[in-house]
Amino acid sequence: MFEYSYATTEGAVRKVNQDALMIKTARYKGREILFAAVCDGIGGLADGEKASSCVIGSVSDWFENVYPSLLRSGSGALDIRSSLDRRLHSINNDINKESVNGKVMGTTFTSLLIDTYLDTAMIAHVGDTRLYKIYDHTAEVVTMDHSVVGEEIRRGIITEESARFDKRQNQITNCIGAGARDRMYDYMLHKPETECVYLICSDGFRRQITKEEICGIMSPSRADDSEKMKAGLEYLMRLDIERSEEDNITALAVKYSD
Amino acid sequence: MNPIKSLLAFKTVYSENKTYLVFSVGRKEAINYTQVQTLESEAYREYFLPFQCTKTANTNKIGYDISGLTALSEYLKTEMRQDQYFEIISGIQKIFSFCQKSHFSYDNLICDPKYMYYHNVLKKVMMIYIPLNNQHYVCDDVPKCLMKMHKCAKNLIITDGNYMNNYEKYLASFQGSSKKRGKNFFSPDSLLHFFNSNHMNGIEKGTGINQSSAPEKAENAGFPINAQIARPQPDDMESSSNTVVRLRKAEAFLTDESGNRYDIENFPFSIGRNKKKDLVIEQPTVSGEHAVISEMGGRYYINDTSSNGTYLNDENNRITSEEIRNGDKLYFDRFCYTFYVTRNDGSDDEESSRTVVVARRHDGSSPAPAKAESSGKALAYLTKNSDNSMIRIMSFPFRSDDVAGMVITCEAVGDRKGLFVENISCSSLDFEGLDITAGSKAELFSGCSLIISGEKYTFNIEN
């Protein structure tokens, strides 16, 4: 059984919301499946919005039309990963065809596919949107930020603490579209967990707040149903805006229980 | 009490996306305003951190802008080659030498790696100079500071053991020496003398480590490795001509209110209604020749040549000629553009929350970049799950004693690159539940987990 909710806003400054999200559920042979994703669009006025909604539209189509046949043909998690990867690369090519003349049009993408039939939680990720696993006393960033700052932390040049105030927060090194070619996206194949809340968010959601604050509000014992999740996400969103976040803000939360 | 100790009680203050290191001194501790004025000029930015003085009723405060800088104590912990390390030491020597030659007493420098900074972009060390009347303050011991730095540098790739030994001997010669100026007191000249009389393997004498081109030179020369001490470098670093280059599209650009980007590819960059302008704004209230952006010595300026006016950051702030910085808003009549400099040159100090993609491309037709750029950037990582330690993959094919018996290769798959793991002689190699037997291989994906001879790793690539 899944409990889930989301919150999104264009924020205090931007006129358009270039973030996009989706949460879909399905059932196969009596087992539940959930597919959730967040995209943070990049580009001028309509372009970022176009890129993020195009990716959401296309992966949603993949989930509805390709995924069932994969399951029926007995595909395993690795085949499903390859199939989603092919889909994401084909969207990448489509967006690149659209964004000619030096126009930047792209999006980040982070998704979670919990398939209780295959007993897999698959995470797909590109860019600086994040997936957290939130437990009762701790939270873990599962995805790796594809950003200049993230890269420098991994190289040991700056520390996580100093990165919070780094002014290059907005520079990302990987995304779908924006002229990027020959990129690899990240995938993780885990077992579905019942004792955590999965949270996917855009950078606008997590920049002004700490992991501890997210953990305090969205822990599995506190945010144990959709309504409380919604209230928690909205509370954190207001906190972002109070701390003068200017970007679009988007987050979704999912909790799985047997 | 040593007054410098109390001075070292710095506070870190965050304000408007900038980080400042602030310390307060009593009013009677006179700030030397002649020096403050001199320090504000450009020449000193080369060596000293920019700062601001503020007076309150009881105290004087001096705030140093350390945004985006890395404390030397932290920076030295990263993996670096010996020549890069001495590049830093040489930078410090230059600062002391500069002080000695000018009227800046180096007693006023803060000599502690925690409060010395490395500028990642300009690739140099910057120090804090305290503009106080110097007779009260005595700088910390320089050899002690160099010693501390030496302790921080745990991940040095030693390429010339003799040179290193000599340097350690040189440092040790100051041990136990009095802090007061005596026979054995440190002088910048003695360090320079050390550099001149010791010759690091692989670097031509005379061209010296004082030159910024030294690291590249060393690399081209193959940089001899002392087998006893050196960490082995991946053996096929030179085998490929296909290099990954970080591409920054333009140093400067403008964006309009819709976020469209206009690269500034030449200077002077002209703006106006006239179709021949670099940026054409087809609006009746914009002049044919409205304004010009120019560049001088890494700084950028806007000049207004219009009748309706150019405004900076505020629709009421009409300007004729002004310096512009990253993030400044320019209004050509009422049409707003934001100016950005993507190169971090010290003037890049305001965060833009708009996301930009820092693209990188590789030249050549093969889709497989196989060599890390000279900055030592890893192409991929193997993270050991048990202790989160990272094995950095600098080139493909990748082999390592840490994960013996397997190789990771990069091959073209259609029009994209693909990464493969091959079991050469591993007792067991598990890729996401699949058993890769000796002699067989599988295509990897970023984020996948590998169990190599019983030890679990996560593989991630850096795009």
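Okay, a quick term before I start: when I say two strands pair, I mean that DSSP finds at least two bridges between them. And keep in mind that this is a predicted model.

So, let's begin with a hairpin in chain B. Strand S24(B), residues 380-384, runs antiparallel to strand S25(B), residues 390-393, and four bridges hold the two together. At one spot along that pairing, Ala380(B) sits opposite Ile393(B). Between the strands of this hairpin there are five residues, and Asn388(B) has a positive phi near 60°.

Now, S24(B) has another partner. Five bridges link S24(B) to strand S32(B), residues 455-461, and that pair is antiparallel too. Here Ala380(B) faces Ile461(B) of S32(B).

How many residues of chain B are in contact with chain A? It's 39, and they touch 41 residues of chain A.

Last stop, chain A, helix H6(A), residues 211-218. Ile214(A), Cys215(A) and Met218(A) are buried there. They end up on the same side of H6(A), because the arc they cover around the axis is only 100°. And what sits over them? The cover for the buried residues of H6(A) includes strands S7 (130-134), S8 (139-141), S12 (197-201) and S13 (249-256) of chain A, along with helix H7 (226-242) of chain A.

Okay, that's my tour.

Technical notes
Residues are numbered from 1 along each chain as its sequence is written. Chains are lettered from A and ligands numbered from 1 in the order in which they are written. This is a predicted model: local features need pLDDT of at least 70, side-chain atom pairs count only at pLDDT 80 or more; totals for chains, interfaces and linings use all residues. Two residues are in contact if their C-beta atoms, placed from the backbone, lie within 7 Å. A residue is buried if 20 or more other C-beta atoms lie within 10 Å of its own, exposed if 12 or fewer, and partly exposed in between; C-beta atoms are placed from the backbone. The arc is that of the directions from the helix axis to the C-beta atoms.
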